[in-house]
Amino acid sequence: MSTLITSPSRAVIIAVFFVLLAGFPQLNQDFYTELVTRVMIMSIFAISLDLLLGYTGLISFGHAGWFGMGAYVFALLGTKYQLTSNLWLTLPAAMLVTAFFSFLVGLFVLRTRGMFFIMVTLAFAQIFYFLFHDVKALGGSSDGMNLRGKPTTAIGNWVPFELTDTNTLYYFVMVLMAALLLFMALLLRSPFGRALQGIRENEHRMEAIGFPVFRYKLAAFTISGAFAGLAGYLFAILNSSVNPEMLSWHQSADGLLMLILGGMGQLWGGVIGAFTFMLLQEVLSTFTKQWHLWLGIAIVLIVLFLPGGMISIFERIKGIWKRRFA
Amino acid sequence: MNTNLLMQTVDLCRTFGGLAANDRVNISLRRGEVHALLGPNGAGKSTLINLLSGDIRATSGQVIYRGDDITSLSPHERSLIGIGRSYQKTNIFPGFTVTENCRLAAQSREPRSGHIFSDAAAWSLYREAVDDALTHVGLADVADRRAGELSHGQQRQLELAIVLATRPDVLLLDEPLAGMGHEESLRMIELLRGLVASHAILLVEHDMDAVFSIANMLTVMVNGRVLMTGTPEQVRASQEVQEAYLGSEETHHG
Amino acid sequence: MDLILIQTLNAVQYGLLLFLVASGLTLIFGVMGVINLAHGSFYMMGAYLAFTLTSMTGNLLVTIVLGTLLSALLGAVLEWALFSHLYQRNHLQQVLLTYGLILIFEELRSLLVGDEVYSVKVPSWLDFSVPLGSVMTYPAYRLFMSGICLAVAVGLYFLIQRTVIGARIRAGASNRAMVQILGINIDWLFRLVFSLGVALAAFAGMINAPSATVSPGMGTQVLIVSFVVVIVGGIGSVWGALLASLLVAFADTFGKVFLPDYAGIAIYVVMAAILLWRPEGLFKS
């Protein structure tokens, strides 16, 4: 457990995944490159939620609030108030603002548990939804806002790269996703990460053996909020628009669905879940106009029969393989 | 001031609705002493141990630790100052290995939460505390097993190992022998005997043989009140206690 | 002054309506420990039932009686087929499964009745206005609605607090195993509670249909507000649901009047304030 990569076969799979991912844009299919960029951004969103859900055991139904907030920070800075469009200023700003507000909301909501916590997180996300929907100063409009353009990466006179290029944006997002995965892997084996998992496993005993559980939860809530803000920021850049629906509970539910599809508390669950969910959506919507119906049915069936997600299928196959060939 | 007096309560009360689960309870815990809490079901023993560990808030009265009033401290704050508690209903981390269970407990003493890039399992600081605790309770050979897969007796041992890994001065033990067989109970009692000199121990236990073999101080509770506090001889000789309790709640081994 | 009176009447009416929906939600939470996101869909279903059944029968009262019975039946079937399997599941699975149900219900509605906005006619014998003071008037149907909702609320109170079944429901909420040992069939008890919750929500949708429009988004809207009611009132507390419903309704109604730009967040501000004071809602069950 003390190494990052748990087995050589895992290392190979991860390497192959990144090779494929890195090679993909070279096919120069802009539509698909953008699609995969979108999926990677949703992976970041799902991974940030996993820190809370899979590792600390907190079911937040308001995670989209941070996602949308990160997007709107860019919209307000770059388009509405035209203060700056610089990547190196707006990206940290998006994360700091979402971190700040998730800290504040965390102070409120982390005193509750169970069903109450689920509902209260939803309600707070709704507050932000309505703020961005109704308040003119915050871009208030049910149609959202179109953005003036992608952020510039200029530092003085030097422009390292242009995010207006589809492939460049793709690689930028890919690097961020990989960095987040690395960060998570390190975090989870650190004392802090172990404590979070201990809280998920037995919160009462963690308190009893001397851990200030509230503080740990608050830290996890804040960090996960900041990364959701990052995902939202990237999403705004990709679409060159923002919309209050980014903060809707449907978006929060999508995050939860990705994790139950991919597997929670498993580092790669967010990535697997995001890819699977997007795939599912694409496939269903090409076949039928009523794809929501089939998605709903799929969700019901998965929850009833496969609550461990896709990863549990892998585990089962691995188990069968071992028994057959051991 | 008696420096062996680690913990005491002053007229500690806890009411639930109209019911006084603990009514003006006074008890003292000293280092080098095993202080057993006796009483029939509903006497208030669980409530008292919960009040001492901080799992329940007192309605009135005080809990004093090393001369300081700790009545308002939360369970985690109490753990950090040296009060450790084990639970009657096994309260471990079933999904983690035995080692990880103890390691987490040891980590609470040195949280190092800022070190987000280092591997918690690699730290010698934690490793030593884990080895100590596991060797002490006799679980060293199952260190790598998932805690949920241990036998009941082993889980009770782990329950104690977790507490020991937090290096407490006061041990609040809630039925440590619960569900254990004869052999296991004897081993546990020997283990506890080894801890007496360096800790103040409060023991809630239904196994009378165990209690009388190890306790040097007894408090008998009935209906939320302390009926009497004294040495085993004094308690055994007391008429009141005979009538109220002994003879109906005994369990014997062998 | 008359404006205040009218808005107060509106708030009371909305509050009582919310109470019918939220009480079902909080009962299902409190008794079975299940979080049901699809609860708003039952309200929407009631409204659409009102539309279709009045189109067929032309009589609102018959519609309401028939619709309520049908909804209760549907509730029982749903509980038997799906929800009974959720009691043992964790919260996340409950949340996701019931979310999936919302998607299914929405699409079914779309397939069966379409996505248009409909209206239901107020029955002619209630289609008049009651004068208030010298200038203003108030729709009689709304007063009728408030009256009916109040009557149902009182009936619910008596059911829960004063009947044997109510006692069993309350007992089942606090100690499931004990109730089973006492020989009470917990399965049927839960089925009853669930059906009751569904029927209440559907009834609310039906009775409100002539007063508002029947539109696709109504289920989601009422669900989230119901959640706020349950948060403010406390999980499992019917009394809390009543107080909270009125509080939320007043906040929403007067919020729209005095601060139209911030109308959407008025109820959440109230919620946050209550949570500061009582982190688990007004009445912890």
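**How we know what we say**

Q: How do you know how confident the predictor is in chain C?
A: This is a predicted model, and each residue carries a confidence score, pLDDT, from 0 to 100. For chain C the mean pLDDT is 87, with 97% of the residues at 70 or more. Chain A averages 90, and 98% of its residues score at least 70. As a whole, the model scores ipTM 0.90 and pTM 0.90.

Q: Which elements of chain A have the lowest and the highest mean pLDDT?
A: The lowest mean, 76, belongs to helix α12 (residues 310-325) of chain A, and the highest, 97, to helix α8 (residues 213-239) of chain A.

Q: What makes up chain C, element by element?
A: Chain C has 11 helices and two strands. Reading from the N terminus, the order is α-α-α-α-β-β-α-α-α-α-α-α-α.

Q: Why is chain C called as compact as a globular protein of its length?
A: Set the value against the rule: the globule rule gives 19 Å for 285 residues, and the radius of gyration of chain C is 19 Å, so chain C is as compact as a globular protein of that length. Its C-alpha atoms fill a box of roughly 65 × 50 × 35 Å along the principal axes.

Q: How many of the residues of chain C count as buried?
A: A residue needs 20 or more other C-beta atoms within 10 Å of its own to be called buried. In chain C, 48% of the 285 residues count as buried.

Q: What share of the contacts in chain C comes from residues 24 or more positions apart?
A: Among contacts with a separation of 6 or more, the share is 77%.

Q: How do you know which chains touch?
A: Two residues are in contact if their C-beta atoms lie within 7 Å. Two pairs of chains touch, and the pair with the most contacts is A and C. Chains B and C have no contact, and their closest C-alpha atoms lie 14 Å apart.

Q: What makes up the side of chain A that touches chain C?
A: Here 35 residues of chain A are in contact with 33 residues of chain C. Helices α5 (114-134), α9 (249-262) and α11 (291-305) of chain A each give two or more residues to this side, and the largest share, 14 residues, comes from α5(A). By class, the side has 26 nonpolar, seven polar and two charged residues.

Q: And what makes up the side of chain A that touches chain B?
A: This contact takes 22 residues from chain A and 27 residues from chain B. On the chain A side, α6 (166-189) and α7 (191-208) each give two or more residues, with the largest share, 11 residues, from α7(A). The classes are 11 nonpolar, six polar and five charged residues.

Q: Which residues have the most contacts inside the largest nonpolar core?
A: This core has 271 residues, and those with the most contacts inside it are I44(A), A161(B), V193(C), V228(C) and V248(C). The core draws at least three residues from each of domain 1 (1-82 + 170-175 + 199-254) and domain 2 (89-167) of chain B. The C-alpha centres of these two domains of chain B lie 27 Å apart.

Q: What does A161(B) touch?
A: Leaving out residues up to four places away in sequence, A161(B) touches C102(B), A133(B), L134(B), V137(B) and L139(B).

How values were computed:
Residues numbered from 1 in each chain as written. Chains lettered and ligands numbered in written order. Predicted model: local features only at pLDDT ≥ 70, side-chain atom pairs only at ≥ 80, totals over all residues. Core = buried A, V, L, I, M, F, W, Y, C linked by C-beta atoms within 7 Å. Buried ≥ 20, exposed ≤ 12 C-beta atoms within 10 Å, placed from the backbone. Domains from an automatic or database assignment. Helix = DSSP H or I, 4+ residues; strand = E, 2+ residues; numbered from the N terminus. Rg over C-alpha atoms; globule rule 2.2 N^0.38 Å. Nonpolar A, V, L, I, M, F, W, Y, C, P; charged D, E, K, R; others polar.
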